[in-house]
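Please read them with the model open beside you.

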Amino acid sequence: MPHARNRNPSPIPEVTWDTGLKEMNETWKGAIACLGVAIFFVMTIGIIYWQVVDQPNKNWILRGTLSGLIWERRSHSLLIQTLTEDKTYVEINVGNVGNPDLEVPFVRNLCWLNKTEFCYTWDSVAEVKISLEVDEDQETECYSMVWTPVHCHVELTDCFSMSNISWYGGAHVRGQTWPINDQNATMQPFVVSNLRDNPSGFGSALERYFLGSSGVAVLVPPDVPLQLELDSGQQFCLQSLPSMERLPLQYTVCVAQNVKAVHQEAAQLLSPDARELPNLKTLWLPFWKLLASVDSGPKVERELRTFSNRLRRHQLGEGVISLNEHSTTLLSEMFHTSLEEGNEDFWLSLPSGPQGQLIPVMSQWQGRFCVKLNVTNPGAVSWFLDRVGSLQAHLGMEYVVLEGSEGNVFEEQALRPPEALTGDKYISFLADLAIKMGDSTIVTAGTRSNHKPLFVRMSPLQSDWSSMGLKGVIPLLLHHTLLGYNFLIPDAVGGSLSDGLVTDKELFIRWLEVAAFLPVISFHTPPWVFGEDQVLNLTRGYIRIHQRDVVPLIEKFAEEWKMTGNPIYRPMWWLSPDDPVTFTIDDQFLIGDEMLVAPVLEQGVVQRDIYLPDGGFQWQDSRDAQVFDGGTFLQDYPVALGEVAVFLRRS
């Protein structure tokens, strides 16, 4: 408030007649001062009102032909909406990076007059650059977001709302759900880990790709260090790693007319390399697990002969008999031999000192100490391939499983890994090694390798009816194939996580019904352990259905996958991408566009609800030839034990 000035003393005596005039002047001075304060107060209130109330809550940042990017002041969010604002593709909560109490306008573009780029320095903490790319031929628009810290050791976090959007993709977790909205995961590095050792981590199929039912896709570059958090029903968050290098938080958001359209476009960005098919002859043969743990050649041959004769006696046809890794001493012998030959660098190692000898880094695998092959060493790779080839020739093996790629042995032990092996890059190197062993090789983890001619073995499941058991099969199937991993070796009928035999006959049968329609039927528990003709007859019957009806369909749509990247196994929304009912169906799946499979996944149940998506065609029940229109909801449809509901598309 302004202060009044002191009057100078006057030498002229004050008289009565001029006293009133002086009082009048003082009054006007006070009035003018009060008026100035009032004007200042009104202006302050006006500015505050303009900033908080009258200023638009939404500011357009970039506009395309299909969509636009908006800054939403009150929620500190970036919105991608249609130009008419009648549909929100995605809401990205960016907070305000530095100070959560600071109101950031985020409207001044520092990219000058460029209408396809937006630049801004956010609270002197991070610089953001957003670029818009429009593909008019595909009716797709993509926003490239790059946040770069201004200072070292700054964590940048962007969160994607799950409100009114079903999300898919990301990483496999224990108790997989479809969509991923109900999953929880604490903020952690977004890399593949071993779920046996790290149940709260991310599992065997992982890509930096998230798909939303509103027609939005989020892709993160493969070489940007990344952390991920899943907050059930609320949001999932991407976070950079704080470091001296000022690592960016970088991702691309693409939008299109619907979820199918944006996925078809994003699949090309996710896997730009040419896709190759593995050996599809593998699909015809059921996989059988030889449970005996023997450690000598003669014993292995004897056990194999006995098991093979039993399969033949029960008329179960040809198959692949897989050995337990403890049935051979390949790995332990190779390790000791390499050390004796002075080849410590054949294994992931660290020097004992500045000029010290290399010491292999020990880790654990299935309860035993182990070391990992140094897949970045060409000499180690050649040495390993020679010895595996010798073992294949000796035992007549046609299929090899490469296990143990999950996790990073350096980071798990707080060791700094070599640059070539940061994150989950080991898995990519191992995939290249697997290709050299043939197109029938099986790996246990996939990331950045969905285009390669390999089979991926799904994680083991519990022998129960829960989401970590039978109910998890279809969500896991849809998750893998959405990420491009179509050629799967599913977990064994009845589950194999406990390593014991399945004793629940109903669980075994219901699991068998699902497995018959998967890429491969895999067994851990042989059907004859139940001692009943019913289980054996059903096993024979479903193996025939798999070979007669399913494999030819997979082969047909495998060619489509090779050309377009469209998944072989598809969710219900693939045929009806604008139908919200299809977004959360997690107990049905499609094989291509032609077959709909709806198994029973509940204990003691002999009927189930089925939804037939509307794609402008009809569906025919494969059991009784009954025909239904698309968009039909079948309530309590009868599905007896030993049966599975299968519908065929009719044009």
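How many disulfides does the structure hold?

1. The structure holds three disulfides, a disulfide being a pair of cysteine sulfur atoms within 2.5 Å. A disulfide is a covalent bond between the sulfur atoms of two cysteines. This is a predicted model, in which local features need pLDDT of at least 70 and side-chain atom pairs count only at pLDDT 80 or more, while totals for chains, interfaces and linings use all residues. Residues are numbered from 1 along each chain as its sequence is written, and side-chain values use heavy atoms, with hydrogens and water left out.

2. Cysteine 111 is bonded to cysteine 119, with 1.8 Å between the sulfur atoms.

3. Cysteine 142 and cysteine 254 are joined by a disulfide, S to S 2.1 Å. The pair links distant parts of the chain, 112 residues apart: cysteine 142 lies in strand E7 (residues 140-149) and cysteine 254 in strand E15 (residues 249-255). Strands (E, at least two residues) are DSSP runs, numbered from the N terminus. Cysteine 142 is buried at 13% relative accessible area, and cysteine 254 is buried at 1%.

4. In the disulfide of cysteine 159 and cysteine 237 the sulfur atoms are 2.0 Å apart. This pair also links distant parts of the chain, strand E8 (residues 157-161) holding cysteine 159 and strand E14 (residues 235-239) holding cysteine 237, 78 residues apart. Cysteine 159 and cysteine 237 are both buried.

5. With the bonded cysteines numbered in sequence order, the pairing reads 1-2, 3-6, 4-5.

Terms used:
Helix = DSSP H or I, 4+ residues; strand = E, 2+ residues; numbered from the N terminus. Buried < 20%, exposed > 50% of the residue type's maximum accessible area, 1.4 Å probe, protein only.
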